[in-house]
Structures are given as structure tokens and as C-alpha cells.
Amino acid sequence: MSGLRVVTVLLEDRLITINRAVGLLRRRNLPVRSLAVGPTDAPGISRLTIMLQSDDATAERAAQHLEKIIGVREAAAVLPAAAVAREMALVKLRPPAERYAELLDVVQLYHATVVDESSDVVIVELTGSEAFVLSCIRALERFEILEVARSGTVALESGATAPRTGTHPQLEAGVR
Amino acid sequence: MTEVLTGAQIICRTLLEQGVDLVFGYPGGAIMPFYHALPEYPGLRHVLVRHEQAAAHAADGYARATGRAGVCVATSGPGATNLVTGLATAHMDSTPVVAITGQVPRGMIGRDAFQETDIIGITQPITKHSVLVEDVEDLADSVREALTVAVEGRPGPVLVDVPKDVQQAKAEWRSRAAAAPPGRGAVPPLAEAVRLLAAAERPLIMAGHGVILSGAYEELRRLAERTGMPVITTLLGISGFPESHPLHLGMPGMHGEVHVNRAIQQADLILGIGLRFDDRVTGNLAAFARGAKVIHVELDPSEIGKNVPTEIGLVGDAREILRALLAEIAPRDCEAWRAEIAGFARPRHDGFRGELSPESILGAIDGASGGRCTIVSDVGQHQMWVAKLYPYRRPNTHLTSGGLGTMGFAVPAAMGAALARPDEPVWAISGDGGFQMNMQEIATMVQEGIPVKMAVFNNGYLGMVRQWQQFFHGRRYSATPIWSPDYVRLAEAYGIFGRRVERGADVDGAVRDAVAHPGPALVEFLIEQEANVFPMIPPGASLSEPIEGEPAAPRLVPA
């Protein structure tokens, strides 16, 4: 059954490795909904979070293909129900002066924050699931949105799952 | 032992240290430091090709023949891009090729320098791994890693891109013993597979390249004999099982014999060993082996269930898993099932007019080499004849570009195979189309003394494309008639043995003379112009819908 699937990847934080991982998604023609990449607590290791619009088997195969890339430490397909998945968005608005109070109500309703104000332009920061972020952006549309920056979804599997440590098995068996 | 060496010397020393004694290459600006160092290492033989594509194919042919990494070298820019087809060929067929490319100096990378290309970026989807060496201190380990990664696990091509100034920089070099080959790994639980194999009434073995890559010939033969299961070999599995064995059925798929494909369609269990269930094997997936449960033995877990729904995936080395299966599986027979399959057989459609049939030519090649020879085929109609009609007796004696289907592969790949197997004839069998794609390599054979025997099946057409035009495009022979030079005079121009065969009576003599001749030899066979490969599953059709003879009327173009 097709739906949103999360694939999380721990990989060396080098452009070439990230390039390989993302290139694989393109080459295998995978239905990517969003990508997010950033550092982890481990030095030299980044986390790439891939949201796929796919069935379980496709997500599982994507993880298997990703794990073959040298420099990828771990890739796992995670059921959305078994993960916490969030994204952040910054929304730049130019609310008419007479509706500013109304804007603040919407911001409060969505647990968002006004993080920047300059003359007539404000930037609102909001966080939540993709669906939550989308509905919040829809609610803000009536205040004249100038620009939206979304982070893409990041996710962690629920419960005690420790990422594997150590290097790629091929490197362990090899010379590095 | 520690020495201070240039990067170029480090490449040579490290290749030798890891057991590489042969590289195929072509010099140029950004790889000149390597070529400057090369004469200091006479243990490292360099074969100067005439086009870098041939260097990659020759390294591939060497790798297929030996199981060790084949190494090719090229300069930056056009030198590197000319390797691309060869690397893609190796990638599709899982063969260990290591490419070392020169790159513009580090300070010029990204500035569109002369002969700069992003070869790492270009080859990323067609290599198993690649690395740009940015520090001479990393160079030796990068070369070691490339050679290790190329051969271990599921083999594949690896590219090492070395900027010119890294080749010139100096570093301390310490020898390191070649890494021990990795263990073959654990064997998964087999009880369920054993149960299914015992319970099946119409089981089949489909054996692919994995059988050859893991050297599981003996295990495969014993498993087949223990169970009486008939064995199908895919294009790259050919010669993984004795061709003449009573349990051998043949090749499946688009040009598989009718009884082979019907056996697949009627089977209730398929034991797939080291194959990809490629579309040329399965035909229309929705109608593939609908009554069969699939057990898939495969080293790469991402292959399991990729194309075909799979009951049991057994991840691991084919030889180890077959050994473990042999220890658990009880003897049985499949006599009724084999009799049923025998009933599926049809007389082969004689697609040939005239005396020069592929059978007679291949029979002569087999006879003239006393059954000891390696066949390297190109791509097209002759490839199918060579796959189906040659009596392969020994393991890994059939080399061909299966997955990518690279025309021009045979001649350069045969150079690599001939250097790997100096004690037996190596035949490059091509059509007139593919031969003309890399025939410049005859010069390499002459200069380097590589005694490849070349057979050209000349029908004046790009035959396989012409066949598709005949069957599916209303006989519109668009751009398929192809002119050839006078191959005998071509051979003469290169100073090698050349012979044209037009009559059946001359086949044996020409082949015998070519084999007896000590150097490279070229034999042209003028075959029937519009012969077809039968049977044929039309693209997109199921294995149950073969074309078995000349279609009466032009067919519609399939989508």
C-alpha cells in the first residue's frame, strides 16, 4: 500500500557520499517527497532523512540499495507509525496592519512563533508533521505570504534503537 | 620498508604490491607523471590500446577470465570519458574493473580547465565506488581500497581519479600485504528452502553469473544430480554448468528455446542462483512463472524480490549456500517432470539458408581447439547463436556483455582474456557491426603480441536490429544495411592472418589455420544475410508467446 515512508540514512558527511545517496534515489526513479540532511552528534557523520511516497517494499529496497554505498553507515526504512517525524518552516508574510492581531491568533493556534519583524514584514517559524506544517501554511495564506522555506522532514524511530557504530563492513574487511 | 616516492610511483608500487602485473591504458597530459614512473617498474606490464574504451573492456575481459581485478588507465577529460561504456558494462555484469584516471591539478579543479571533466560525477551511477584522491598521503590506501572493493562481495568497477599534482607530490610509502580475501560469510537458515525443494513436483534451477563468480560449478552439478532438477543457465550463467549434461536445459528468455521457457512457465518451484531476473530472462513479469514459488540465492539482498515475487531469499555466497544445501537435501528424482519438459521440445526452426550455419562455424572452432578455448562474443544475433549453439565444456569459457549489451565488447575483451589465458585459443566472435566498433584494436594485438582469434559473422546488416525491423517495424530496414571493408585486406594491412570463408567446405580449414597461426588471426564468414534468431519472445510479451518462425505478415510495433 502506498503512503508516506521514512528512510533514514547515517552517512559520512562528505559531499561525494551525500551526492551518491541522492543520485541513487534519482537513478532508481524513487518517488521522493522530501530530503533533509544535517549533522549528527557523531563527528563526521550526517543524517539524511528521505520521505518517500511509496509502499513498504520500495522503501525497504531503497534502504538496501543505500546500504551498498561505501560511506553509508546505516540505512533503514521506518514505518511512519513507528517514528517521530517533524519538519520546520519559515514563512515570510506581509500582513495588512489592520489584521496583525488576527495573524498573532493564528500563530498562537499553531504553536508557531514570530521570529523576525521588520517594518511591515514578519517571519513566522513553525514546526510539526508535514501535514501540520501544510495546514498552518494554508492558514497563513490570507496574510500575503512572500516566501516559504521548509526544512524537509527529519525523523527518528521511536523506542530504543541505537545506530550501529563502526565502519561499513566492506571497509572493515578492507584496508582502511 | 619505508620509501619516499612520488604519487605516480606510489600507484605503480601499490598495484604491484596488490598483485597487479598488467594494466591497459593510454597516456595523456594529466596522467603523464604515471607514465613517467612506469618504466621504473618492469613488473607492471602496460598494454597500449588504441582507444580507452578498449582499455576498459580489456580489463573487464581479464577480470572475467581470472576473477581478479582488471586495471585500466586513462588521462583526464576525453580519456576518462572514453572509459565510460566499459565501466558501465562491468557494472551491469558485476565484474571487478579498477580504472585509474588522471585529473587536472587540484588548484584547477572546478575551473573548466583544459581536459577537465567531472569523471567522478559522470561515472557515479555506473561504478561500485569511486574516489578523488586529494592528498598524496591517501593515494596508496585509495588504490588498495579500490582493488579490494572491486572484487569483494558483489564485484563491480571502481574509479580512482588522481590529480596530476598529486601524482607529482611525494609521500612516504610503506608496503602492506595484500588484504586476505574476505570470508564468504554466514549461511542463512535453509530448513524452509529444503522443505520446499523436497515438496516441489516441477522444480527448476535457474543459474546465473553468481555461479561463475563464486566458482560454484561442482556444487551446482552435485545439487542437480542429487535432486534430478533440470538446470537453466542465463546468458551470463552459460558455462557454469556442463552444456552436454543430461540435466541441462539451455538458456531462458527472449531467445530461449521453447521447451526452456515452457518449463519455467509450468514450474512449481524455481531455485534461482546468482541471477537478477532481468527482463530479457523473464519477459512480461506479470505472466512470468505464475505457478512457481521462487527461492532466490543471491549475494546482494537488494536483488531479492526486485523483479520477481520471492518466497525465500537466501542471502550469501552461492557456493557456500549450495554446499550447505547439499548437506541437508535428500536425494530425489524429477523423472516425470523431465519427461514432461522433453515433450515441450520443438524441432529448431532452421533460420539459415546456405552452407555457413552458425552451428558449423562454432563446431569447427570447438574442434580446432580440442575443446579447450574461451569464447568472447559481441552483441546481436551472433551472440545468441554463440550462447545457444557452442558446446561449452569447461567453466567460465563464455564471456559476453549481458546486462549492458555493449557492441564492440568482444575484440578488446578477448585481448584481456587472451593475456589471462595464454595457453588456450581465445576467440572473439563478432558481427560485422560490432567488429567495426573496436577493430582498431588489431593494432594493439600486433604491437603487444596478443594472439586473439577473431571471427566475424558478416551478413551485411546490423542483424538483430534488422530482425526487429522485420518482425515489428514492417520490414523497414532503416539504417541497418552496413558496408564492411575487405577484411582479408584489412588483416593484410595490419600484417595478421586473414581469411574469408564463403563455402561450408572451407570452414574447418580456415578455422584450423587460424588456430595454428601463432599470432592474431581474422576469419570472416559470409553468412546468410537475412537469417533470424529463433525462437523470439517479442519485447513486452510473456515467455508463453514465442515467435517460432518467419512471421507471415508484418506485426504491429509494440509500445
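**Domains.** I noted first that this is a predicted model. I found chain B divided into domain 1 (2-174), domain 2 (191-344) and domain 3 (358-526). I looked up the C-alpha centres of domain 1 and domain 2 of chain B, and they lie 37 Å apart. Each of these two domains of chain B gives five residues to the contact. On the domain 1 side I listed one nonpolar, two polar and two charged residues.

**Sheet.** I then traced an open sheet of six strands in chain B, in the order β3-β2-β4-β5-β7-β6, with parallel pairing. Its edge strands are β3 (45-48) and β6 (129-132) of chain B, each pairing on one side only. On average, neighbouring strands are turned by 20° against each other, direction ignored. I picked out β4 (residues 70-74) and β5 (residues 97-103) of chain B, which are joined by five bridges. Within that pair, B:Cys72 stands opposite B:Ala99.

**Backbone.** I reminded myself that most residues other than glycine have a negative phi, and most peptide bonds are trans. B:Gln115 has a positive phi near 55° and sits in the loop between β5 and α6 (119-123) of chain B. Is B:Gln115 buried, exposed or partly exposed? I put it down as partly exposed, because it has 16 C-beta neighbours inside 10 Å.

B:Arg475 also has a positive phi, about 60°, and I found it in the loop between α21 (463-472) and α22 (487-494) of chain B. B:Arg475 has 12 other C-beta atoms within 10 Å, so it counts as exposed.

Last, I checked the peptide bond from B:Phe534 to B:Pro535: it is cis, with omega near -10°. B:Pro535 lies in the segment after β20 (521-526) of chain B.

Technical notes. Residues numbered from 1 in each chain as written. Chains lettered and ligands numbered in written order. Predicted model: local features only at pLDDT ≥ 70, side-chain atom pairs only at ≥ 80, totals over all residues. Domains from an automatic or database assignment. Contact = placed C-beta atoms within 7 Å. Nonpolar A, V, L, I, M, F, W, Y, C, P; charged D, E, K, R; others polar. Pairing = 2+ DSSP bridges. Helix = DSSP H or I, 4+ residues; strand = E, 2+ residues; numbered from the N terminus. Axes fitted to C-alpha atoms, helices over the stretch in contact; angles between N-to-C directions. Buried ≥ 20, exposed ≤ 12 C-beta atoms within 10 Å, placed from the backbone.
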